[in-house]
Structure formats: C-alpha cells, structure tokens
Amino acid sequence: ILHHSDCVIKREHEKCMERMAEDDPENDLEFRCPWLWDNLTCWQPARVGEVVVVSCPELFIQFMSEEDDELGKLSRNCTEGGWSETFPHYVDACMFDEPNGTHEHPDMYYVSVKALYTVGYSTSLVSLCTAMVILCRFRKLHCTRNFIHMNLFVSFILRAISVFIKDGVLYAEEDSNHCFLHTVECKVVMVFFHYCVLSNYFWLFIEGLYLFTLLVETFFPERRYFYWYTIIGWGTPTICVVIWAVLRLHFDDIGCWDMNDNAGIWWVIKGPVLASIMINFVLFIGIIIILVQKLQSPDIGGNESSIYLRLARSTLLLIPLFGIHYTVFAFSPEDVSKRERLVFELGLGSFQGFVVAVLYCFLNGEVQSEIKRKWRSWTVNRYFAVDLKHRHPSLASSGVNGGTQLSILSKSSSQIRMSSLQAESPAT
C-alpha cells in the first residue's frame, strides 16, 4: 500500500506518452494547445478559449481535504500563446492543509510512516525471537497450544524480515531506479514478501480457530488437528502465491511486481486475506458468546470457572489485536482514507508481533513459573558449587564440576557408612 511517489509519477508519465502515441497526428493541427506533460499531470489538447479541468494527481489524493468539494481541481486555459499557467497552484490545490496553515509534503509523510513501521517491526523481531528461544528451551512448555503459538511467532518473524528485505531491495537508494527494476531477484523478493504476509494472516486465523475449537469440543485429537493447521497455515499461502506469481508473469509482468494495477490478479492475494480476517472476526464473536454462556452457567465450579476466566482474558486481549483493527478497512477501496490505512496496516500492524509475544509468552503464567523454577534450580546449584569449592578445594582444583562433586560426596558418604557397619558386625 505504501508506494513510492516517484513510481506513481513515472507510471502516469508512461500513460500520458501512450495516449499521445495513440492520438492521430492530424488532430493536433486542429488544436492550438497540444498534449502537455508538466511532470505531474497529463493535459489533453484544447482549442483557443477552452478551459481544461483535471483532478489532482494520484500522488496527492491522500493528502487532500474531503470537506471542500472544489479542492483538488486544477485548470489551464488555452490561449493564442499556448497553455496558461496551472490554476490554482499544485501546492494550494492538492496539498493537505494543516491547522497552522502549513502544507505537508507527501514524501515527508511516507518517510514518517516508514520510520514508524521500521521501529515497530524491529521491536517485534527482537521480542519474537526472545519468545521463540524461551518456548524452545523449556521442554515442559512443548504442547500443541504452544506449537501453534511458535508457528505464529515464526510467521511474524518472517513478515518482519520480508519487509526489511523488500525495503532494502526497492528503496536502498534515494532515487527512482527501483520503478524500472525487472530483475528476477526483485520479483522473487516480492513473491517472498507476499507469502510471508499471507502466512501471517493464516496463522492468526488458526489461532482463532484453535481457541474456538478448544471451547466447543471437550475432547479432540490435538495432534491430528495440528497436522491440518500446519497444512493450512503454510500450504494454503504457498498455493495462492504461486498462482499469483504465474498470473503476474503471463499477464502483468511489469516492473518489480510491487504495483498492483490489475485488480483481478491482485484478488488472488487480497481475497484469502479478507476471508481470513472476516472468518476470524466471526470466530471472535462466537468465542465471546460461548465464554459468556459458560461463565454464567451454575454448573461450573471454581476450578473450571478459573480456567474459563483465563481463556476469556486471553481471548479478549488477543483476538481484537489481529482481527478487529483489520476489519476497519477490510472492504473499503484502497484509494479511500489512505492516510488512516497506512497508519493502521503499517504503523499499528508493525507492533502487532511485539504485543502477541508479550501476551502469548512473557505474560503467560506457565512460562513465568517455568522460568522461576529454572532460576531457583540454577541458584541452588550455584550455591552448592560455591560452597563445595570452599570446603573441598581439592575437588574444585581437580576440574570436576558442581554436579559431579555432589555425586562424589554422596558416594563417599555411603562408602563410609558401609565400612563402619562392617567394623561393628564382628563385635556383635
């Protein structure tokens, strides 16, 4: 959704050149003012006295105010001397007017959004990698529920990495050369980017589906379900992205595949994303209804009620983060409310991985208790190792670790007891 402004200008320039080439040269003799490209807008030919009115270029649409219908229109008069100057000026007609009377430049807005989601994805990447290490390190945390969480973490990690790779390939230099990239490497990066984003949406959907199944079914084969979850989470995005890449290669092989002008082909990616968002929203509503019914039931005891309360708390905290805010712009046209869409889908979405890592790992009671248990075990072992080092320096100097020292001491004490018993037996 975040297109570079230079690419938009160059694309409009190419369209203008195509229109000029398709026009009959003999028609130019009838017009005093010929075709004109002023580096922002394409002006069609006109006769003397005619006024040509056009809308602001696509580059500025998201920066215009919607309160005034006349704002966003540009005009030129055709005179005997040729085209007149643009009225009003682009800055006055097409730039967003701030309350203090200043105008916000599009590139500055793009740079601000890019800085925001760079910080967000970096924070998410660090927190998610830490959470993955914790879940992989402790064996007692290995279960179907946490395996699903780990796959979700991996999808967020891949999404953040793909964003950094894409920005590094397309926007490494402050120029517009990336607008005309046709290399295989560039297209592979875009295919990888769309696969990571699509996989992330599907694992968010699987999280909602798993919670819903956990509440609806009392007993269900989790391992078999996890097998199908894995196929859906990683296999379905593969099929969709392969179909999209084949269609782009044969019907819309333009540039680096970072612009989605062909709406039909783009729906191969957009359709599954919207479907996962809406299904997850429906599951969210269903989970809330089920939780309310179960919590109000008099048959639920204290212990079972505490379980449902914990599920309700985690569900209410988690599912809106990956469902509700996506539904705000799910079915709105991409040209509507671009400023808000950028903030929601890039700014807020970039921190989503961090929030998920906090809720699923760092604030998880099982994870916290396991970390505390390991910490206590480590401190106890360290205490005995230090204590044995002071009491038995010969053992410490022999290069034997603390755990081995404890085993040696236990064996020596047992041997002393046996020898004393043998010494006492003749006396009896």
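Visitor: Leaving aside neighbours within four places in sequence, which residues is Asp-38 in contact with?

Guide: Contact here means heavy atoms within 4.5 Å. With neighbours within four places in sequence set aside, Asp-38 is in contact with Trp-43, Arg-76, Thr-86 and Tyr-90. Before we go on, bear in mind that this is a predicted model: local features need pLDDT of at least 70 and side-chain atom pairs count only at pLDDT 80 or more, while totals for chains, interfaces and linings use all residues. Residues are numbered from 1 along each chain as its sequence is written, and side-chain values use heavy atoms, with hydrogens and water left out.

Visitor: Where is the place of Asp-38, and does Asp-38 count as buried or exposed?

Guide: Helices (H or I, at least four residues) and strands (E, at least two) are DSSP runs, numbered from the N terminus. Asp-38 sits in the loop between strand E1 (36–37) and strand E2 (42–43). For burial, under 20% relative accessible area is buried, over 50% is exposed, and in between is partly exposed (1.4 Å probe, protein chains only). Asp-38 has 19% relative accessibility and therefore counts as buried.

Visitor: Which backbone nitrogen lies 2.7 Å from a polar atom of the side chain of Asp-38?

Guide: A polar contact is a pair of N or O atoms within 3.5 Å; within protein, one must be able to donate a hydrogen and the other to accept it, and residues adjacent in sequence count only if both atoms are side-chain atoms. The backbone nitrogen of Thr-41 lies at that 2.7 Å from a side-chain polar atom of Asp-38. For the backbone nitrogen of Leu-40, the distance to a polar atom of the Asp-38 side chain is 3.1 Å.

Visitor: What is the phi of Asn-39?

Guide: Asn-39 has a positive phi of about 75 degrees, although it is not a glycine. Asn-39 also belongs to the loop between E1 and E2, and with 55% relative accessibility it counts as exposed. Trp-257 is another non-glycine residue with a positive phi, about 65 degrees. Trp-257 is in the loop between H6 and helix H7 (263–295), and its 5% relative accessibility is why it counts as buried. That loop between H6 and H7 holds Asp-252 too, which counts as buried at 10% relative accessibility. Apart from neighbours within four places in sequence, Asp-252 is in contact with Leu-247, Trp-257, Asn-262 and Ile-265.

Visitor: Which residues does a cis peptide bond join?

Guide: Phe-87 and Pro-88 are joined by a cis peptide bond, with omega at about -15 degrees. Look for Pro-88 in the loop between strand E5 (82–83) and helix H2 (90–94).

Visitor: At what angle do helix H4 and helix H5 pack?

Guide: Two packed helices are described by the angle between their axes and the distance between the axes. Axes are lines fitted to C-alpha atoms, for helices over the stretch in contact, and angles run from 0 to 180 degrees between N-to-C directions. Helix H4 (residues 144–170) and helix H5 (residues 184–216) pack at about 155 degrees, with axes 8 Å apart. Angles under 35 degrees count as roughly parallel, over 145 as roughly antiparallel, 65 to 115 as roughly perpendicular and the rest as oblique. H4 and H5 are therefore roughly antiparallel to each other. In the contact of H4 with H5 there are 20 nonpolar, seven polar and four charged residues. By class, Ala, Val, Leu, Ile, Met, Phe, Trp, Tyr, Cys and Pro count as nonpolar, Asp, Glu, Lys and Arg as charged, and the others, Gly among them, as polar.

Visitor: How do H5 and helix H6 cross?

Guide: The axes of H5 and helix H6 (residues 222–251) come within 9 Å and cross at roughly 150 degrees, which means that H5 is roughly antiparallel to H6. The contact of H5 with H6 has 19 nonpolar, seven polar and one charged residues.

Visitor: Which residues does Val-273 touch, not counting those up to four places away in sequence?

Guide: Val-273 touches Leu-198 and Tyr-201 on that count. The C-alpha atoms of Val-273 and Leu-198 are separated by 6.5 Å, although the two residues are 75 residues apart along the chain. Val-273 is found in helix H7 and is buried, with a relative accessible area of 12%.
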